[in-house]
Amino acid sequence: MNYIKFLGVAMLLLANQVHAAMLHARIVDTDGKAIAAANLILAGSTIGTSSDLDGAANFHQLPAGELEFRISCVGYETKTIKYQLAKDDVISPVIVLSQTEFELDEIEVSVAGPDGLDISGTQALERIGSAELQSYSGGAGLLQALGDVN
């Protein structure tokens, strides 16, 4: 008798899975290259997933109706997309994220040199090379501590 109840419950659960909307998205950058580890969140919920190395991200058992997804990834602009889904819909959008440009205001580097000398400095920068590092007092020791820097 318990076996029949279990079988009945299992069939109901499977039936609900068959009649649910699905989203099979591919997340790419503006050059069409896959973005791994992009986060896709169903807005207003705790339901989410992440894209794999090929940029693929899947949602199964989505409810029917207008659904809003928020897509984000470090280094890319966050995008919000809405889809109107029926209960049996399967959609496969390609979602394009644009890279975000950002600038660091300031960076502080502090390293203890091999002889215990503290080498510190603060610099507003976008990129720093060996010439900039050497301009600080003790910069040569910093370069030795960091190894080969270009």
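Two strands count as paired if DSSP finds at least two bridges between them. In this predicted model, strand 5 and strand 6 form a hairpin, with six residues between the two strands. The protein has 150 residues, and its secondary structure consists of three helices and 10 strands. The points below start with the whole chain, then turn to the strands, the core, the aromatic rings and the loops.

**Overall layout**

- The order of elements along the sequence is α-β-β-β-β-β-β-β-β-β-β-α-α.
- Of the 150 residues, 26% count as buried.
- The accessible surface of the protein is about 10200 Å², and carbon and sulfur atoms hold 53% of that surface.
- Among contacts with a separation of 6 or more, 41% are between residues 24 or more positions apart.

**Strand 5 and its partners**

- Strand 5 covers residues 65-72, and strand 6 covers residues 79-85.
- These two strands run antiparallel and are joined by seven bridges.
- In the turn of the hairpin, Gly-75 has a positive phi of about 90 degrees.
- Strand 5 also pairs with strand 2, in the antiparallel sense and over four bridges.
- Ile-41 has Arg-70 in strand 5 as its bridge partner.

**The largest nonpolar core**

- In soluble globular proteins, nonpolar side chains tend to be buried together.
- The largest nonpolar core here has 22 residues, and the members that touch the most others are Leu-23, Ile-27, Leu-62 and Phe-69.
- At least two residues of this core come from each of strand 1 (21-29), strand 2 (39-42), strand 4 (56-62), strand 5, strand 6 and strand 8.
- The most is given by strand 1, which supplies four residues.
- Beyond residues up to four places away in sequence, Phe-69 touches Leu-23, Ile-41, Leu-42, Phe-59, Leu-62, Lys-79, Thr-80, Ile-81 and Tyr-83.

**Aromatic rings**

- The structure holds two aromatic pairs.
- In the pair of Phe-59 and Phe-69, the ring centres are 5.2 Å apart and the planes meet at 50 degrees, so this pair is tilted.
- Phe-59 lies in strand 4 and Phe-69 in strand 5, 10 residues apart, and the pair links distant parts of the chain.
- Phe-59 counts as buried because its relative accessibility is 3%, and the cut-off for buried is under 20%.
- Phe-69 is likewise buried, at 2% relative accessibility.
- In the pair of Phe-69 and Tyr-83, the ring centres are 6.1 Å apart and the planes are at 55 degrees, so this pair is tilted.
- Tyr-83 is in strand 6 and Phe-69 in strand 5, so the pair ties together parts that are 14 residues apart in sequence.
- Phe-69 and Tyr-83 are both buried.
- Phe-59, Phe-69 and Tyr-83 make up one aromatic cluster.

**Two glutamates in loops**

- Glu-77 sits in the loop between strand 5 and strand 6.
- With a relative accessible area of 47%, Glu-77 is partly exposed.
- Leaving aside neighbours within four places in sequence, Glu-77 is in contact with Ile-71, Leu-97, Ser-98, Gln-99 and Thr-100.
- The C-alpha atoms of Glu-77 and Leu-97 are separated by 6.3 Å, while the two residues are 20 residues apart along the chain.
- Glu-101 is in the loop between strand 8 (94-97) and strand 9 (107-112).
- Glu-101 is exposed, because its relative accessible area is 74% and the cut-off for exposed is over 50%.
- The C-alpha atoms of Glu-101 and Gly-75 are separated by 7.6 Å, and these residues are 26 residues apart along the chain.

- Most residues other than glycine have a negative phi.
- Ala-37 is not a glycine, yet has a positive phi of about 65 degrees.
- Ala-37 is placed in the loop between strand 1 and strand 2, and at 48% relative accessibility this residue counts as partly exposed.
- Gln-61, also not a glycine, has a positive phi of about 60 degrees.
- Gln-61 belongs to strand 4 and is partly exposed, with a relative accessible area of 46%.

Definitions and conventions: Residues are numbered from 1 along each chain as its sequence is written. This is a predicted model: local features need pLDDT of at least 70, side-chain atom pairs count only at pLDDT 80 or more; totals for chains, interfaces and linings use all residues. Side-chain values use heavy atoms; hydrogens and water are left out. Buried means under 20% relative accessible area, exposed over 50%, partly exposed in between (1.4 Å probe, protein chains only). Contact means heavy atoms within 4.5 Å. Accessible areas come from the Shrake-Rupley method with a 1.4 Å probe; for residues, only the protein chains shown count as cover. A nonpolar core is a set of buried Ala, Val, Leu, Ile, Met, Phe, Trp, Tyr and Cys residues joined through side-chain atoms within 4.5 Å. Rings of Phe, Tyr and Trp (its six-membered ring) pair if their centres lie within 6.5 Å; planes under 30 degrees apart count as stacked, over 60 as edge-to-face and the rest as tilted.
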